[in-house]
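Here is a short tour for someone meeting this structure for the first time. Have a look at the sequence and the fold below, then read on.

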Amino acid sequence: MKIGYVRASKHEQNEDLQIDALKKAGCQRWFTDKITGSKLASRSSSLRLRRSARGGVNHRRLRLPLCLGGAGRLVLLVLAVAVLLLLGARPASAATLNVCQSGCPYTQLAPALAAAHSGDTITIGPGTYAGGVTIDVSVKLVGSGPGATIISGGGPVLTIGVAGAASEPTVTIDGVTVTGGVAIGNLAPFSGRGGGIYIPRAAGPSTGASVTIMNSVIRGNSVAPRVATDSGDPCCPFADAGGGGISNDGTLTLDHTLVSGNRADAASGLTSNAIGGGILNRAFGTLTLTHSVVSHNHVAVTPPNGRFAPGGGIAMVGGTLTITDSRVSDNTADASSAVLSGVEQEATAGGIQVQGDASATILSTTITSNSVSSTNTVGDAIAFSGGLHADGLIVLRDSTISDNSVAAATATGSTGRADVDSGAGEINADATITNTHFTGNSATARSSAGVAHAGAGAIVTAASDRMTISDSVISANRLTATTTTGSASVQGVGITNLGVLTLRNTSVGDNSGTASGPGGLAQVWVPVGLGVD
């Protein structure tokens with residue numbers, strides 16, 4: 001028995017003509033499919049056809065209608081249109097879309113992204129292209145190198161993923177510079193995020209897009225709030241800026257990439273909190289840096305609203321940070337305030353801040369020449385953690401934390417307190433530190449008529465369970481405290497330990513402290529809880 005198959009469009013074909021052709025070819029039985037547009041309304045008929053043909057069919061390009069002989073022979077009835085008969089739809093091949101300044105299908109990135117499908121590659125030639133675009137499909141952007149291909153402007157320059165989406169893309173960016181982004185109040189009117197690159201969180205909320213950036217530069221971007229809002233404290237409005245270069249709530253990897261010259265901005269005194277000058281990793285983010293540099297980024301706040309400035313280079317609000325064979329250098333955290341004593345104010349972590357809900361593994365990395373500065377024209381000025389501040393779990397191995405600085409100063413005639421510590425950094429959670437050098441760091445406090453206090457030229461440790469420093473060096477760190485009419489003190493010129501600390505095969509020496517004023521003290525402080533093996 002011969003079995004036939006008919007496929008017809010509701011609007012364009014008449015199945016009666018095809019059935020007549022099948023009858024003439026000797027088919028005694030046939031199955032019919034209706035289609036709408038390019039999609040089959042039902043695959044049932046074609047499946048039944050294949051099951052009915054003894055011996056099966058090797059599916060090739062066929063013309064419809066068709067008739068199968070009892071032994072699986074094909075009888076082709078030639079019509080005008082050929083179709084491919086498959087068990088399932090064959091996925092479209094990935095395409096390459098070309099963007100260049102002339103002679104390409106696209107002269108800007110945005111229309112190429114609009115035309116792209118998942119798995120496509122977009123090549124971007126030399127030149128400067130407009131930013132302010134959203135990447136919501138899984139693609140690879142390939143530039144001609146960061147010195148040649150520049151994506152500039154917008155606020156942010158690139159948004160990768162869509163906030164609150166059920167699924168987020170996987171994106172690779174290779175060989176471009178992302179610059180000139182100014183994000184103002186894009187998260188909320190009183191909160192800006194991600195001047196250069198913004199990776200929002202997905203639905204749930206949950207982790208957003210998976211992004212790999214390689215051989216690229218993220219530079220010269222900034223973020224700021226648009227307005228301030230009521231903080232609930234009569235003293236102080238709230239407005240924040242985070243992630244001058246990058247704000248991440250996704251899974252982000254930087255490989256051979258430079259993040260430099262970005263800023264979480266004071267916005268002429270509007271900003272009360274500025275965080276993560278280079279990179280802000282938010283609650284759902286994961287951040288990995290390999291062979292990369294984070295340098296010359298800034299967080300800054302100024303009067304009248306300015307109070308808090310943490311994480312000049314990198315700020316980890318949550319998630320995990322892994323840094324390997326990288327450099328974090330020359331970043332700054334500056335808090336300039338005009339608030340009364342007793343109102344909180346501080347600058348923290350010139351290089352890296354790891355908050356309590358985050359953790360970090362830092363391997364073969366240099367954290368150097370970062371600075372923290374706090375001034376207050378009315379009350380107290382507080383600053384600490386020149387290179388690294390960790391309230392979350394940390395592993396630090398085969399690294400160097402050197403030549404970082406912390407400074408705090410009050411105004412002339414002010415009785416406000418100037419308080420600094422941890423020129424290299426402060427580690428307040430359980431930690432394992434191995435083969436790491438803490439050298440040449442400094443902390444300086446200057447008060448006109450109040451207390452000037454400086455502690456821990458290198459590190460403050462405050463682990464409650466375990467803190468082990470082994471095969472390391474802590475040397476040539478400095479403390480300075482100066483006051484004109486108040487009191488000055490320095491304590492723990494190398495280490496100030498406030499928790500449980502064990503030193504193994506570690507050298508602590510050649511650290512120094514100076515206290516200058518009418519009264520005060522200079523003290524090498526070794527409290528209970530310090531173990532030395």
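How many bridges join strand 43 to strand 48, and do they run parallel or antiparallel? Four bridges hold strand 43 to strand 48 (residues 418–421), and the two run parallel. Keep in mind as you go that this is a predicted model.

## Around strand 43

Strand 43 covers residues 381–384, and it has a link to strand 38 (residues 346–348) as well. That link is made by two bridges, again with the strands running parallel. Over towards strand 48, A381 has A418 as its bridge partner.

Now for an open sheet: 12 strands pair in parallel, in the order 10-13-16-21-26-31-36-41-46-51-56-61. At its edges are strand 10 (127–130) and strand 61 (507–509), each of which pairs on one side only. Going from one strand to the next, the twist averages 10°.

Strand 31 (residues 293–295) and strand 36 (residues 327–329) are paired in the parallel sense over three bridges. Here V294 has V328 in strand 36 as its bridge partner.

## Salt bridges

Searching the whole structure turns up five salt bridges. One of them is between the side chains of R193 and D240, with N to O at 2.7 Å. R193 belongs to strand 18 (residues 191–193) and D240 to strand 23 (residues 240–242), so this pair ties together parts that are 47 residues apart in sequence. R193 and D240 are both buried.

Another salt bridge is formed by R282 and D249, whose closest N and O atoms are 3.2 Å apart. This one links distant parts of the chain, 33 residues apart: R282 is in the loop between strand 29 (279–281) and strand 30 (286–290), while D249 is in the loop between strand 24 (246–248) and strand 25 (251–255). Both residues, R282 and D249, are buried. They also belong to a network of salt bridges that links R201, D249 and R282.

## Back to strand 48

What does D419 form a salt bridge with? The partner is R417, and the closest N and O atoms of the two are 3.0 Å apart. D419 has a relative accessible area of 18%, so it counts as buried. R417, at 31%, is partly exposed.

Terms used:
Residues numbered from 1 in each chain as written. Predicted model: local features only at pLDDT ≥ 70, side-chain atom pairs only at ≥ 80, totals over all residues. Heavy atoms only, no water. Pairing = 2+ DSSP bridges. Salt bridge = Lys/Arg side-chain N within 4 Å of Asp/Glu carboxyl O. Buried < 20%, exposed > 50% of the residue type's maximum accessible area, 1.4 Å probe, protein only. Axes fitted to C-alpha atoms, helices over the stretch in contact; angles between N-to-C directions.
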